[in-house]
Amino acid sequence: MTEERIGVYVCHCGTNIAGTVDVEEVSKWAGEKLKKDGVVVSRDYKFMCSSLGQELIQADIKEKSLNRVVVAACSPHLHEKTFRTACQKADMNPYLCEMVSIREQVSWVHTDKRVATEKAKALISGGVLRVAKDEPLEAIHVPINPATLIVGAGIAGIQAALEIADSGFPVYLVERDSSIGGHMAQFDKTFPTLDCAACILTPKMVDAGDHPNITLLTLSEIEQVDGYVGNFTVTIRKGARYVKEDVCTGCGICIEKCPIKVIDTNFEAGLGYRKAIYRNFPQAIPKYPAIDTEHCTYFLHGKCKACQLFCPTQPNSIDFEQQDEVIRIEVGNIILATGYDLFNSRRIPQYGYGRLANVFTSLEFERMCNAAGPTEGRVFLRDGITQPKTVGIIHCVGSRDKHYNNYCSVICCMQSLKFAHLVKERTGAEVYEFYIDMRTAFKDYDEFYQRVLQEGVNFIRGRVAEATDAARLPGEEGKLIIQAEDTLIGKQRRIPVDMVILSAGLEPRADSEEVAKKFGISCSSNGFFIEKHPKLDPISTLTEGIFIAGACQGPKDIPASVTQGAAAAARVLGRIQSKELALEPIRASVIEERCSGCRICNDLCPFNAITFNEELNVTNINQALCQGCGTCVAACPSGAISGTQFSDEQILAQLDGILSLPINSGKVKTLESVPA
Amino acid sequence: MTDQTNFEPMVVGFTCNWCSYRAADLAGMSRIKYPPNIRLIRLMCSGRLDPTFVLKAFEGGADGVLISGCHPGECHYLEQNYKMLKRFLLLRKMLIQMGIEPDRLKLLWASAAEGARFAEEVTKMVETVRSLGPLNWSKVVDSNGGHATVIPVLAKEEVTA
């Protein structure tokens, strides 16, 4: 083996590192003290990741014939790829470049410059000893299946599906509900332009439903996900609709004839009715109705069958014998766009939802305003005939509240302003908005706020204490009284109103944890799916090939959801176009001569990559299935399994390095006085 | 005996690439401070943790070792953190038999979102090890030819246990 010639590069990162770590001293120290470990050159530079910084490394690789590089800078999760690519361009194997994190792990978390400097030295020493044990490797190339699975057909999912399908690649669009469209299909108007939600959404729904490249799977849920990026096998349970999709024309006669009326708690938010055979709304996609077996007379008592009797198609479209179908599909990438759940307003009893008739949730109000909704767009109190004369709108219900959710739900301010406008427009009622802070960022939003202000809506800044029907003052009888502290004048206010609208916040789906587990991703502390990087990669996850879009990543309005859907699609398309993906060559392999055939490792692999060769009495590891976790490497009593990139030699060398300098408390001994 | 007042514990942390290493990154990004006594080694998964690494760390001068992985059920490799958990429990028993206080080995579940928690737990760990004092591996293990030297405090604990 050729002698190691290591270059050490210490980054200032402006003052991010240099402010707390004496980078010049560190660099000088590495050049002198680590000479024995093979360091031939050590430099510091303002921004190592800049092209000048990279050229510095590349020039040294050529001129000083370096064969190993250590970059002490930020986290490897940020710039490992940058520096490896730079090394590769200078004809060095990229996997012989190591990064040492002296920013996230040193300068940003410690304050004492001397202490931080010593820690940086120790970590670099670990990096130098480790890099000497690195082996040249080749990236693993996996083919990418051009098909994509999109879970959730709200606006984000539909957008992503259309982007990919329009580019000519197959998409499986899976939706749990009987129709696609998501929450947006329930809304009437969309802020800030007030265009009708259905008018802008339904054309997209039709496109998605008719697209030759989109396979629509409604009433369907993901059961299992196997495989890895490029090659997922997904098991989907397609629920029985009891209507044959290949013959049904969607005429709707069955719905008309069905004698069973049930309260629609799903799409109509409990305000309206639907039949036991139903379609969420007239423009639903797919157009075929579905039978609700919990209420259908046939499923309950074995009789009725009115729908079947009146169905005009030949052969008959109604099929009571239909069963759930289990479908297995192969896809290369997956986009999760599973959306949100609305905060359950019953959790805040003092706002009276569920107890006081005329307290409505935001979704109920949306349905009420919708021309296709239960009141055909007219705003009524719960009795269904009286128009309200005064309306109170409460912001931040379940949001920005340490008892429920700490986060801001983003959409509620704008949604409440929209409600105020709609109430004014439809009833001319007096409107009171109770807000904590008015958050109207983004294009044209504040203009809308100004418009609503000019329309004469009253704004009261303060969190509402309660909404009650207990009248105390004259003029309060028969009204709902909203009590809040007006923080702008420093007084308690009691506002009697006819109707209260709770602008409920957005929450992660109730089963988001379960879904995350299925797809091998994780949730942040508030339950939304966690992204790869909060700013620079909000649509990727830590699991290769799984992307997230829309409100499942965090509260979001429609434009942001559409943007994320399109962004996720663009990322997937890039993957599909390049046909293959280079993965880090982190894999375990068995050194057969050393394997004793003890089979301890055999049960450890959750990816079934480990098999036992009975004939030779040795274990084999399938490189295509191995994900590189290294659990078997750690378990082998004979040291017969080696893990590339994280071998025992590499880890133990790094350990030696980081332990080679004592902890400096900043107040005692200097480095020289302590024997290593 | 080393001067207690000047004792600065050395803690080695083995972190999972997907969760706790990122939690450490997040602590950094959020500029949350913690004692400089911890030095991290990144593994792809806590399941990669060979118990030898822990013993080598103690032998090499560490006064404490932190192992951190994804929360149960959140392992990037499905279930490998459970395998580490088994090793951890066994390792703790082994440390007791070797005469090393088991609190020198700490297990931390930390997700990528828990930067603040990571910093907090590291701080606690460093203080725990500081109160235990230096490990003095050579006294505990080497001098006895690798055999256990029962620590008095520990012996008492064992009786009550």
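How many salt bridges does a search of the whole structure find over all chains? In this predicted model, the search finds 46.

**View 1. Packing of helices α6 and α15 of chain A.** Helix α6(A), residues 155–166, packs with helix α15(A), residues 558–578, at an angle of about 35°. The two axes lie 8 Å apart, and α6(A) passes α15(A) in a right-handed crossing. Residues in the contact include I155(A), Q159(A) and E163(A) from α6(A), and S561(A), G565(A) and L573(A) from α15(A). By class, eleven residues of the contact are nonpolar, three are polar and one is charged.

**View 2. Salt bridge between K36(A) and D37(A).** The closest N and O atoms of the pair are 3.2 Å apart. K36(A) counts as exposed, at 67% relative accessibility, whereas D37(A) is partly exposed at 23%.

**View 3. Salt bridge between R461(A) and D437(A).** Their side chains meet with an N to O distance of 3.4 Å. The pair links distant parts of the chain, 24 residues apart: R461(A) belongs to strand β23(A), and D437(A) to the loop between β22(A) and α13(A). R461(A) has a relative accessible area of 27% and is partly exposed; D437(A), at 25%, is also partly exposed.

**View 4. Salt bridge between K83(B) and E79(B).** Here the closest N and O atoms are 3.1 Å apart. K83(B) counts as buried because its relative accessibility is 12%, under the 20% cut-off. E79(B) is partly exposed at 34%. Elsewhere, salt bridges that share partners join E80(A), R84(A), E584(A) and R42(B) into one network.

Notes:
Residues are numbered from 1 along each chain as its sequence is written. Chains are lettered from A and ligands numbered from 1 in the order in which they are written. This is a predicted model: local features need pLDDT of at least 70, side-chain atom pairs count only at pLDDT 80 or more; totals for chains, interfaces and linings use all residues. Side-chain values use heavy atoms; hydrogens and water are left out. Axes are lines fitted to C-alpha atoms, for helices over the stretch in contact, and angles run from 0 to 180 degrees between N-to-C directions. Helices (H or I, at least four residues) and strands (E, at least two) are DSSP runs, numbered from the N terminus. A crossing is left-handed if the near helix is turned anticlockwise from the far one by less than a right angle, and right-handed if clockwise. Contact means heavy atoms within 4.5 Å. Ala, Val, Leu, Ile, Met, Phe, Trp, Tyr, Cys and Pro count as nonpolar, Asp, Glu, Lys and Arg as charged, and the others, Gly among them, as polar. A salt bridge is a side-chain nitrogen of Lys or Arg within 4 Å of a carboxyl oxygen of Asp or Glu. Buried means under 20% relative accessible area, exposed over 50%, partly exposed in between (1.4 Å probe, protein chains only).
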